[in-house]
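Please open the structure in your viewer and keep the selection tool at hand. The stops below say what to select and what is there.

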Amino acid sequence: MSVDVKGLNKSFGTVRAVNDLSFSVPDGVVTGFLGPNGAGKSTAMRLMLGLDHGEGLTLFNGKPLAEHPHCSTVVGTHLDARPFLPGRTARDHLRMLATDARLPDSRINEVLELVGLTEVANKRPKSFSLGMAQRLGLAGAVLADPDTLMLDEPANGLDPQSIQWLRQFLKHYAGMGKAVLVSSHLLTEMQLMADQVIVIAKGTLVASGTVEELLDRRSDVLIRCSDPARLRASLGDADATIEGADGLAVVGLTTDEVGQAAFNAGLVVHELAVRRASLEDMFFSLTGDEQQFAFKSVENETPTAGGAA
Amino acid sequence: MSAVLRYEWLRVVTVRSTWVLVALGIALPGVLAFFLAWAGAAFINSGNDGGQGGPPDGEILAPLGLSPATVLLLASLLVTIGAVAFGQEYRHGLIRITLALFPRRTTVFFGKTIMVILVVVATSIVAITSVIVGNRFGLAVGDGTLEVEISTALLLIARVIVVITVFTLIAFAVTALSRNQPLGILVPIVGAAVVEPIIQAIALIQDWTWIVWVLPFTGGIEAVETTGAEAWGHLAVFVAWMLALLIPSWVLFVRRDA
């Protein structure tokens with residue numbers, strides 16, 4: 001296990017930002033770190049790296065980060081959108097980061113080429129777009145080819161091509177036996193990118209597992225038939241809910257099992273389908289009312305022209 | 001520690017502002033020393049000094065041209081090098097990268113301290129050379145002479161270097177304590193040029209002669225203006241003030257969230 005997190009706790013005054021958080025980030029897969037704004041994702045990442053002080057322990061390859069002689073080869077981080085001095089060239093920024101592992105200039109050239117910043121390597125990044133800044137941050141994170149990558153919202157500001165490249169790159173990186181932890185609010189993107197997810201809300205772990213496992217828990221079978229109430233009765237203890245006049249949503253059974261039950265009950269079946277939950281559905285069902293600074297609901301509001309009341 | 005020092009060295013030399021400050025720190029005091037020596041020699045040669053052969057207390061012709069004004073000018077430029085050591089890190093979020101790379105915070109703190117000292121001492125040595133050259137050149141142009149005892153001059157140079165370094169370390173410590181770069185730059189400059197002169201003026205009225213032994217920046221200037229045990233005493237006061245800021249800034253750097 002590349003990263004093992006045990007009992008992280010952190011409070012800001014009376015607010016509990018991270019609450020007894022424990023999880024593992026295995027090698028060889030991309031692990032998504034999900035949670036609403038203010039859930040404690042960034043704080044947890046800072047605690048893992050020892051940037052914030054709190055309770056708990058994080059082991060990288062079995063040891064706390066500070067006990068490794070060259071930390072840049074253990075974990076590469078990209079935690080802020082613009083983590084560089086605007087007046088220092090991109091190349092010089094990477095030269096600084098290369099000092100820990102005494103990396104040669106050729107490695108700096110490699111990562112600049114990897115993220116597509118070779119042409120602007122000797123420019124000061126004060127005029128970089130957010131997407132270019134993210135690429136430079138990513139270049140710094142992967143510079144020493146670390147065993148673990150920790151990225152906080154790395155897709156922010158990237159265009160669709162860059163996001164697709166990032167997804168492929170992180171999959172490839174994890175495929176080399178590395179651990180990758182990525183926090184993101186882009187749930188559809190995370191569904192494509194992550195192999196497993198860790199979901200937190202109000203600093204507490206609410207779910208973890210592979211994406212498939214979590215989605216299976218939230219998926220159901222919808223059957224539209226001539227008498228859904230009779231079908232529900234025939235299913236016994238199964239978790240089934242009537243939807244509309246002829247629908248029945250069944251959790252925990254396959255389409256074969258539900259179809260067979262309908263046949264046995266002598267019902268006419270109009271539709272039988274699996275309703276696959278998305279990561280977004282799963283996320284909202286787990287964290288729906290846990291957003292720290294919630295928006296006012298506009299579902300029942302009447303739209304007004306030009307914003308006039 | 002060697003990796004931290006390499007990191008700090010690149011942090012210092014890869015920004016343009018460092019070179020601008022170093023260049024100004026070397027050139028301006030030299031130019032100032034030239035004009036002071038030239039004007040001073042011309043003043044003495046004009047006979048307006050009452051035939052004293054040159055004022056003794058560094059009012060016009062300081063030994064080697066190292067007047068308090070020169071020291072304050074150089075210190076005012078170099079305090080920025082001290083302030084940016086932490087100021088840039090907090091202002092641009094680099095501190096998280098630095099501490100993820102080097103989690104041992106005490107090593108980072110003293111790596112920064114050592115690099116600031118090395119840069120300031122090296123710049124001061126070149127700047128003092130520039131001042132001496134400017135002074136000699138000004139005297140030559142103004143047709144003046146000033147005898148200098150080598151041992152006294154070397155001790156003065158040593159005190160000047162320490163005073164400028166302590167000025168810079170105060171800026172370094174204030175920035176680390178407050179995480180505020182402008183404050184780190186302003187405290188030594190405003191303290192030395194505005195606040196303490198006002199306190200001294202009040203002290204003069206009240207006849208508080210002891211005040212020069214308490215004020216930090218006054219102590220620094222007195223260490224350059226006086227000689228012998230008195231000078232070293234003033235320097236000790238200045239260093240004590242610096243340590244009183246530096247030690248808490250180290251403790252807080254280790255304990256606070258990045």
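The tour goes from confidence to a sheet, then to the cores and a helix pair.

**Before you start.** This is a predicted model: local features need pLDDT of at least 70, side-chain atom pairs count only at pLDDT 80 or more, and totals for chains, interfaces and linings use all residues. Residues are numbered from 1 along each chain as its sequence is written, chains are lettered from A and ligands numbered from 1 in the order in which they are written, and side-chain values use heavy atoms, with hydrogens and water left out.

**Stop 1: confidence.** The predictor gives the complex an ipTM of 0.82 and a pTM of 0.82. Now select residues 55-61 of chain B, where the pLDDT is below 50. Beyond near neighbours in sequence, this stretch has 13 contacts in the model (heavy atoms within 4.5 Å).

**Stop 2: the sheet.** Helices (H or I, at least four residues) and strands (E, at least two) are DSSP runs, numbered from the N terminus. Two strands pair if DSSP finds at least two bridges between them. In chain A, find the open sheet of 6 strands, ordered E5-E6-E7-E3-E8-E9 with mixed pairing. Its edges are strand E5 (75-78) and strand E9 (204-210) of chain A, each pairing on one side only. Next, select E5(A) and strand E6 (residues 148-152) of chain A: they pair in the parallel sense over 4 bridges. Gly76(A) stands opposite Leu149(A) in E6(A).

**Stop 3: the cores.** A nonpolar core is a set of buried Ala, Val, Leu, Ile, Met, Phe, Trp, Tyr and Cys residues joined through side-chain atoms within 4.5 Å; buried means under 20% relative accessible area, exposed over 50%, partly exposed in between (1.4 Å probe, protein chains only). Which residues touch the most other members of the largest core? Of its 141 residues, they are Phe33(A), Leu94(A), Leu149(A) and Leu170(A). Helix H6 (residues 150-178) of chain B gives the most to this core, with 16 residues. A second, separate core of 13 residues includes Leu231(A) and Leu248(A).

**Stop 4: across the chains.** Select His93(A), Met96(A) and Leu97(A) in H2(A). They meet Leu94(B), Ile97(B) and Leu101(B) in H4(B).

Methods. pLDDT = per-residue confidence, 0-100.
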